[in-house]
Amino acid sequence: PLRRQRQMCIRDSSFREQISRVLNEQGSVDPQGAPVKSTLGQHVMVQTIDEGHKITIGGKVLFEEGRSQLMISAYAPLDRLIEIMKGYPNKLEIRGHTGIEAIPEDSGSADLFDLAYARAKATAAYLSDQGIDPRRIRLYSGGAFDRPESNLTYEGQESNRSVEIIVSEELIPPEGVEAS
């Protein structure tokens with residue numbers, strides 16, 4: 001029964017269609033993953049990758065330089081994304097990134113990997129607080145080395161103050177059912 005449910009959910013393309021529809025409401029998705037202007041905000045990039053859909057939400061939309069606290073401007077795009085993701089059992093990987101910015105002494109982060117992880121963790125906490133099942137969430141720190149943009153320009157560094165959310169095809173089991 002669980003396998004049948006998993007197969008049905010994987011084949012159900014409504015989740016994928018919802019993501020695509022929202023992203024296309026005010027712009028178009030570039031097949032190469034170029035930034036699109038969408039209802040999720042200006043600093044959104046969507047790509048289809050082997051493990052699922054990668055949604056990058058970044059720039060000054062989420063984090064100030066050297067900080068891991070979500071900015072107020074992050075809530076609207078994350079809330080829109082949460083609306084889409086609620087009710088689906090797909091696993092989510094939140095990948096935190098940084099530029100090569102200096103870390104303030106009062107930030108609580110030891111290095112850029114720690115800062116990137118703290119950004120992913122802050123995003124995960126917000127998603128969980130808004131009703132996303134924490135069993136769905138996995139965290140990843142890319143630091144300044146696994147970055148979406150070049151750190152050679154200020155604009156690239158600004159874009160790297162971001163998180164990527166990978167919406168996987170892998171599903172969590174329903175409550176009370178152990179994975180097989």
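**Salt bridges and buried positions in the predicted model**

The structure holds seven salt bridges, a salt bridge being defined as a side-chain nitrogen of Lys or Arg within 4 Å of a carboxyl oxygen of Asp or Glu. The structure is a predicted model, in which local features need pLDDT of at least 70 and side-chain atom pairs count only at pLDDT 80 or more, whereas totals for chains, interfaces and linings use all residues. Residues are numbered from 1 along each chain as its sequence is written, and side-chain values use heavy atoms, with hydrogens and water left out.

One of these salt bridges joins K91 to E170, with the closest N and O atoms 2.9 Å apart. Because K91 belongs to strand β4 (residues 90-96) and E170 to strand β6 (residues 163-171), the pair ties together parts that are 79 residues apart in sequence; helices (H or I, at least four residues) and strands (E, at least two) are DSSP runs, numbered from the N terminus. K91 counts as buried, at 18% relative accessibility, while E170 counts as partly exposed, at 44%; here buried means under 20% relative accessible area, exposed over 50%, and partly exposed in between (1.4 Å probe, protein chains only).

A further salt bridge is formed between R95 and E93, for which the closest N and O atoms are 2.5 Å apart. R95 counts as buried at 17% relative accessibility, whereas E93 is partly exposed, with a relative accessible area of 23%.

E101 and R119 also form a salt bridge, their closest N and O atoms lying 2.9 Å apart. This pair links distant parts of the chain, 18 residues apart, with E101 in the loop between β4 and α4 (112-129) and R119 in helix α4. E101 is buried, with a relative accessible area of 5%, and R119 is likewise buried, with a value of 0%.

The loop between β4 and α4 is also the place of S109, which is buried, with a relative accessible area of 13%. When its neighbours within four places in sequence are left aside, S109 is in contact (heavy atoms within 4.5 Å) with I103, D114, L115 and A118.

Buried positions are found in helix α3 (residues 75-85) as well, where P77, L78, R80, L81, I82, I84 and M85 are buried. Just after α3, G87 adopts a positive phi of about 85°.
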